Amino acid sequence: MDDPRDEPRLPASRGPLSRAVTTYLRGAGALPSDAEVAAAPVYGEDLQLALYLCYELHYRGFADVAPTLEWDPDLLRTRAAMERRFLAALREDAPRYDSVDDALAGILVEPVDGTGVSHFLRDRGELWQLREYAALRSLYHLKEADPHAWVLPRLRGRAKAAMAAVEFDEFGGGRADRVHARLWADLMTDLGLDTTYGRHLDAACAEMLVTVNLMSLFGLHRTLRGALVGHFATVEITSSPGSRRLAEAMRRTGAGPAAEHFYDEHVEADAVHEQVVRKDVIGGLLEDEPALAPDIAFGVAATVFTEDLLGDRLLAAWGEGRSALRTPLSREATHVS
């Protein structure tokens with residue numbers, strides 16, 4: 001078993017679903033019924049936290065939860081009920097595309113007058129907003145590349161080789177100090193944030209949980225391997241221009257050299273990754289399994305949709321000068337060891 005110090009504690013619950021799952025993980029109480037799952041808002045705090053708790057058992061788990069619960073049949077049935085609702089909502093709400101090319105076209109062209117989060121942070125974001133962004137994104141970046149690695153045994157040939165090459169870069173090319181999750185922790189240190197894995201879960205809004213749960217949903221199901229490739233492609237294609245803007249934001253606000261370096265690294269690396277993913281990962285997968293084209297397009301659409309949900313939440317809060325977190329950080333950075 002891993003050192004318990006590397007495993008986060010269970011977070012506070014946010015409603016009856018997450019309370020029941022948390023109680024069950026502690027070894028007491030019953031799991032929620034399908035009727036209770038069906039009654040919860042699908043993109044809401046309660047259902048998304050309950051689903052996150054189930055998924056996290058496949059990553060580092062929790063310090064106060066038995067590792068054997070990762071494959072507990074009753075818990076898996078509850079997770080499946082939540083996943084069915086989540087997936088059905090995504091298929092209903094995400095844009096629909098006629099082809100993979102149509103899906104990619106919308107993310108390959110940068111709008112002349114962008115209004116997203118990276119534009120806001122580059123042009124007028126303050127250091128406290130960059131710190132909030134980093135705290136939220138830590139739920140993703142401290143496990144960066146992990147869910148995408150699940151697709152490797154489900155690919156073959158050119159797609160598999162290309163995916164492994166990009167993942168090798170994400171994991172630092174064999175160097176622990178260059179693993180992208182490590183670089184994100186260094187960025188957080190520059191911003192005076194606690195880098196402990198899972199430390200900012202209680203502060204994270206539902207929309208952030210949605211974005212992290214999406215990649216876990218796609219990664220854990222072989223039937224969704226096409227959607228995971230679509231997710232991966234969207235992340236890599238949109239990363240380079242967004243990272244350039246965020247690097248400028250870090251420099252403008254004096255966030256620190258490690259904060260700048262993380263995004264500078266992604267400007268260069270992901271510009272190369274974009275070409276590999278489009279030509280060899282997607283191209284190779286479509287050669288092997290052309291029937292997966294609609295799933296790849298859905299993966300792109302769902303990723304854009306969930307990122308827009310998060311972006312709307314952040315920009316609405318910051319536009320009013322208030323915190324986007326459930327528990328605001330101090331607006332003064334306090335460096336941690």
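These notebook entries record what I looked up in the structure, from the whole chain down to single residues.

**Basis**

I worked from a predicted model, in which local features need pLDDT of at least 70, side-chain atom pairs count only at pLDDT 80 or more, and totals for chains, interfaces and linings use all residues. I number residues from 1 along each chain as its sequence is written, and side-chain values use heavy atoms, with hydrogens and water left out.

**Whole chain**

I listed the secondary structure and found 14 helices and 0 strands. Helices (H or I, at least four residues) and strands (E, at least two) are DSSP runs, numbered from the N terminus.

I then turned to overall dimensions. The C-alpha atoms fill a box of roughly 50 × 50 × 40 Å along the principal axes.

Buried means under 20% relative accessible area, exposed over 50%, and partly exposed in between (1.4 Å probe, protein chains only). Of the contacts (heavy atoms within 4.5 Å) with a separation of 6 or more, 81% join residues 24 or more positions apart.

**Helix α1 and S18**

I examined helix α1, residues 16–25, and found it mostly covered, with 7 of its 10 residues buried. Those residues are L17, S18, A20, V21, T22, Y24 and L25. They pack against α2 (34–39), α3 (45–56) and α4 (73–93). Just after α1, G27 has a positive phi of about 95°.

Leaving aside neighbours within four places in sequence, I found S18 in contact with S13, D46, L49, A50 and L53. I also checked S18 against F232: the two are 214 residues apart in sequence and 28 Å apart in space, C-alpha to C-alpha.

**Helices α6 and α12**

I looked at how α6 (residues 117–124) meets α12 (residues 225–253); their axes come within 8 Å and cross at roughly 25°. That makes α6 roughly parallel to α12. Axes are lines fitted to C-alpha atoms, for helices over the stretch in contact, and angles run from 0 to 180 degrees between N-to-C directions. Angles under 35 degrees count as roughly parallel, over 145 as roughly antiparallel, 65 to 115 as roughly perpendicular and the rest as oblique.

From α6, residues S118, H119, L121, R122, D123 and R124 meet G242, R245, L246, E248, A249 and R252 of α12. I sorted the residues of this contact into 3 nonpolar, 3 polar and 6 charged. Here Ala, Val, Leu, Ile, Met, Phe, Trp, Tyr, Cys and Pro count as nonpolar, Asp, Glu, Lys and Arg as charged, and the others, Gly among them, as polar.

**Residue A145**

I noted A145 in the loop between α7 (127–141) and α8 (146–149). Its phi is near 80°, a positive value in a residue other than glycine. A145 is buried, with a relative accessible area of 2%.

**Helix α10**

I found helix α10, residues 180–190, mostly covered, with 8 of its 11 residues buried. These are H180, A181, L183, W184, A185, L187, M188 and D190. Just after α10, G192 takes a positive phi of about 75°.
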